[in-house]
Every structure is written in structure tokens, then in C-alpha cells.
Amino acid sequence: MTSAFGSVSPARRIKDRAASVFMWGAFALAVIPLVSVLWTVVAHGVGRLDGDFFNHSMNGVAGRDAGGGAYHAIIGTLEQVLITSAIAVPIAVLTAVYLVEYGGRGRLARTISFFVDVMTGIPSIVAGLFILALWLLTFGFQYSGFAGSLALTILMIPTVVRATEEMLKLVPHELREASFALGVPRWRTISFVVLPTAFTGILTGVMLAVARVMGETAPLLLTIFFTKAINTDPFSGPQGSLPTFIWDQASDPNQHAIDRAWTGALVLIGIIMLLNLAARFVARRFRPAGR
């Protein structure tokens, strides 16, 4: 190979080495903060990672007291994210299907795309203020986990729309044309050809959106309020959540409360990781044959 093309010049070797150093340096800059954060949370949070933390709430437990747990917050977070996903995912997927498969370059499609871009950049507290003003103050509903889910839905929809839209665009047009050539209607082509092909990418986008909204604190403080008691009904009364639990414990100067805050953060990261692993398993299990 060297005799055929000649030796590599010193200048090209220097450029190659510089590019390699730059690449690995950029990789380290991205990974080191992530590993540092994860290590810090694990080191501080593993001390209270016991059965009491998962089986007890903070009802009747003061910040200076040992014990207590986040059972009420874990239940609240899971219920709120489940309701948020049940509302946001169908709306977002149908919106993306319209933009890619039906909207084209029409005025309505451009308008929807513009508002999706705007919603992507709104601060989370704005979503909380909107639900507070509309759902609680105007309509007169009380603080509840469902109100928090509505605020999180506003944050989740644009992320899922954009992810689904990009995945649908990656589906080869040949698949659609082959289906149309067989006389299959457009809606059946979308349901049984396009969406299954893009399922893995759509599910990844949904999990990224879930990871984003699961850690939001500001909109929840305005909509679910705060409670240390166990409330398993997301439609009635204030409900706990892991973000508000962490915020409450971290704002307490007592060491026991700080320890609970670290453990709450560790549990939140663990739940997100488990959901991502489950999503990867489902995506691999139900991906189209031959992919």
C-alpha cells in the first residue's frame, strides 16, 4: 500500500494526530461532567437507599428526624408521567403523521410546525403558569396530580412531535410506493408500514421526552402543590412527586433531609434508566423483521 501510494507526508500526519486529539478531548469534555454528576449522586445517595425509603412517606417526619422516605413521591411521579404520556404521545404522533404524510407544504402544516418550534423553547414554569391560570383559577379545579400532568403534557408534546417527524421522514419512500401500488389506502399504509418501520425511533423520542418531564419541578410546584402524605388519587388533592420531594428536602439545612434529597435524586435517575432499558427491550422485541 505504501509503495503504491507513497508515504504519508509529515503535515498530513500532524493534522491526523491533531484531529484525533481534538476528537478525544471533545469526548472527554462531554463524558467527564456526566460521570462526575453520576458519581456524586451515587456516593451521596446510596446511604439512605434502604427499605424505609421506598416503603414510608414523609408524613409526620421533620427535616431533623432520621427515617422517612419517598414512597408518596415515587407513586405520584409514576402516575403523573403515565397520565402525561397517555395524553401527549397520541397527540404528538398524530400531529407528526399529519405534518409528514398529509400536510406537505400547506399553510396549516407550516403554522403547526411554527407553533411546535415555539413550544419547544418555552420555559417549563410558563407551562405551569398556564395550567395554574386556566385549569385552577379559571375553571376552579383543585391542585392535583392531573393538573401537573397537563403542565408536563405541554412540555412533552413538542419533543415527541419533532422526534416522530424526523423518524417518519427516514422511512424510505419506496415502502410507501410499494404499498400504494398494491392498492392499499394511505391510512393503512401509515398504520401498517410507516409507523412500524419508524417504531424504534419514535419510542426513543418518547423516552427522551419522558426523561425531560420527569425531572421538572417548577410546573409541579404550581399545579400539584406539595404534600408529605400518601395520595394515590391523581385527580383529587395535592400529590407528591420526586422533583418536589428533592426540592423540599434540599432546602432543609438538616443533614438527614439533605441525605434524603440525594437519595431521591438517585432514585429518579434509576427510574429513568429502567424506563429507557424497558423501552430498548420493547423496541428490539417488536422491531420489523430484517432490521
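Residues are numbered from 1 along each chain as its sequence is written, and side-chain values use heavy atoms, with hydrogens and water left out. Since the model is predicted, local features need pLDDT of at least 70 and side-chain atom pairs count only at pLDDT 80 or more, while totals for chains, interfaces and linings use all residues.

To start with the record, an unreviewed UniProt entry lists residues 74-279 as "domain: ABC transmembrane type-1"; such annotations may be inferred rather than shown by experiment, and their positions follow the numbering used here, with feature names shortened. That stretch is 79% helix and 0% strand, with its end C-alpha atoms 20 Å apart. Helices here are DSSP runs (H or I, at least four residues), as are strands (E, at least two), numbered from the N terminus. The unreviewed entry also lists "transmembrane region" spans, including 81-100 and 261-283. Residues 81-100 are 100% helix, and their end C-alpha atoms lie 27 Å apart. Residues 261-283 are likewise 100% helix, with 33 Å between the end C-alpha atoms.

Helix α4 (71-103) turns up in the lining of the largest cavity. A cavity is a set of points on a 1 Å grid over the protein atoms alone where a 1.4 Å probe fits but cannot get out, and lining residues have an atom within 4 Å of a point. Volume is the space filled by probe spheres set on the points, which are joined across faces, edges and corners. The structure holds one cavity of 30 Å³ or more, with about 30 Å³ of space inside. Among the residues lining this cavity are T77, Q80, V81, L152 and P243. The most comes from α4, with three residues, and α9 (186-214) supplies at least two. The lining has six nonpolar, three polar and no charged residues, with Gly counted as polar.

Helix α4 also packs against α7 (residues 145-170) at about 35 degrees, the axes 6 Å apart. Axes are lines fitted to C-alpha atoms over the stretch in contact, and angles run from 0 to 180 degrees between N-to-C directions. This contact has 19 nonpolar, eight polar and three charged residues.

Finally, the structure holds six salt bridges (a Lys or Arg side-chain nitrogen within 4 Å of an Asp or Glu carboxyl oxygen). One of them joins E101 and R176 at 2.7 Å, N to O. E101 sits in α4 and R176 in α8 (residues 173-181), so the pair ties together parts 75 residues apart in sequence.

Methods. 1 Å grid on protein atoms, 1.4 Å probe; cavity = no way out; pocket = protein on both sides within 12 Å on 5 of 7 lines; lining within 4 Å.
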